[in-house]
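Biologist: I would like to learn how to read a model like this one, feature by feature. Could we go through it in order?

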Amino acid sequence: MSLSENDAMMRRSIRRQSISAASKRHSARALAFKENALAYVFLAPSLALFAVFLFYPLLKSVYLSFQLTDPRGRVAAFAGLDNFKELFSSELFYSSLKVTLSFTLLTVPTGIAVALLLAALSHQKLRGIKAFRFVFSLPVAISVSTGSVIWMMLYHPTLGMLNYFLTLLDLEPVRWLSDPAWALVSVSIMTVWMNLGFTYIVLLSGLQSVPEEIYDSAKIDGSGPLRTFVRITLPLVSPTLFFTAIVSVIGAFQSFGQIHLLTKGGPMNSTDVIVFNIYRDAFVNFRFGIGSAQALVLFVIILILTVVQFRFFEKKVHYQ
């Protein structure tokens, strides 16, 4: 075989290899396109719901925050930054922000601590422990309105069970929802109970994900229950605690139903959180522009708090 024929065969072989490689790349791209298209088809219902109930209201709030509206919510005039200027010069806004922060501090650490304690106690392998797990997780199945009615009856100044027990102890009855000193605490107690079911289930799942071999090794090394919980259990469930803290803070800033049903922001604005203030401005006073401005400010506050938690507290999370 001559040299020229040998070169021709090599060129044909290289050409066939390049064609085969190009065909494989084309097939891979076609397969990836089909997979992405199928993924978007399955995501389309969720994306549509997000667009209708999340993205559109958000864009509408941004638009209305720069407008003045009539009682029907129709745009009357362009206000520019006047709504934000009025908001940041209002003492009521800063008062509601202070109440919201106090409400968050009262509910989030307490709720996580109580749920973690109950999860640790019910994590033991004892007879009948599933019944206690069911009872502890029961509040997750109760709606905000139902829970509010239950606690409204408990807080009743004359017929409520709480004041009845206080009278049995020769203590003065407490005006739980009508005393400014007790109203926020009372709503916070009800909120901790209402969120206890979800927090308990999440933390119990985190505890159950810890391998039993680690506890066996700790017992062999002579570690006591308290030291094992502090040195081993807490670091291993720190991702779950971190998730629970973020969700709880966001939920605390968005609390509305129980406050609306129990106190309506009173007495003397002692339970007037930001979301209730937004509701009152937008749907009671029909000031949709200032209400939308407050909603955007609340969104920014929650975003900043979430970023801060990820920035500083995630460093202490021990991922396995």
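**Reading the model**

Modeller: We can start with the strands; three bridges join strand 1 (residues 67-69) to strand 2 (residues 75-78), and the two run antiparallel. Keep in mind that this is a predicted model.

Biologist: Which residue stands opposite Val75 in strand 2?

Modeller: In a regular strand the side chains alternate between the two faces of the sheet. Here, Val75 in strand 2 has Thr69 opposite.

Biologist: How many residues lie between strand 1 and strand 2 in the hairpin?

Modeller: Five residues separate the two strands of the hairpin, and Gly73 in the turn has a positive phi of about 85°.

Biologist: Next, the helices. At what angle do the axes of helix 3 and helix 10 cross?

Modeller: Two packed helices are described by the angle between their axes and the distance between the axes. For helix 3 (residues 91-122) and helix 10 (residues 238-253), the axes cross at roughly 145° and come within 9 Å. The crossing of helix 3 past helix 10 is right-handed. On the helix 3 side, the contact is made by Thr100, Leu101, Phe103, Thr104, Thr107, Val108, Ile112 and Leu116. Helix 10 brings Leu241, Thr244, Ala245, Ser248, Val249, Ala252 and Phe253.

Biologist: How do the residues of that contact divide into nonpolar, polar and charged?

Modeller: In the contact of helix 3 with helix 10, 10 residues are nonpolar, five are polar and none is charged.

Biologist: Which residues lie nearest the centre of the second largest pocket?

Modeller: They are His123, Gln124, Tyr215, Pro225 and Thr228, from a lining of 17 residues. The space in the second largest pocket is about 520 Å³. At least two lining residues come from each of helix 3, helix 8 (212-220) and helix 9 (225-236). Seven residues of this lining are nonpolar, six polar and four charged.

Biologist: How many cavities of 30 Å³ or more does the structure hold?

Modeller: There is one, and the volume of this largest cavity is about 110 Å³. Of its 13 lining residues, Thr107, Val108, Gly111, Asn195 and Ser248 lie nearest the centre. Helix 3, helix 7 (180-208) and helix 10 each give at least two residues to the cavity lining. Thr107, Val108 and Ser248 were also named in the contact of helix 3 with helix 10.

Biologist: Last, the backbone. Which residues does a cis peptide bond join?

Modeller: Most residues other than glycine have a negative phi, and most peptide bonds are trans. The cis bond joins Gly266 and Pro267, with omega about -10°. Pro267 is in the loop between helix 11 (257-262) and helix 12. Met268 also belongs to the loop between helix 11 and helix 12, and has a positive phi, near 55°, although it is not a glycine.

How values were computed. Residues numbered from 1 in each chain as written. Predicted model: local features only at pLDDT ≥ 70, side-chain atom pairs only at ≥ 80, totals over all residues. Heavy atoms only, no water. Pairing = 2+ DSSP bridges. Helix = DSSP H or I, 4+ residues; strand = E, 2+ residues; numbered from the N terminus. Axes fitted to C-alpha atoms, helices over the stretch in contact; angles between N-to-C directions. Left-handed = near helix turned anticlockwise from the far one by under 90°. Contact = heavy atoms within 4.5 Å. Nonpolar A, V, L, I, M, F, W, Y, C, P; charged D, E, K, R; others polar. 1 Å grid on protein atoms, 1.4 Å probe; cavity = no way out; pocket = protein on both sides within 12 Å on 5 of 7 lines; lining within 4 Å. Points joined across faces, edges and corners; volume = space filled by probe spheres on them.
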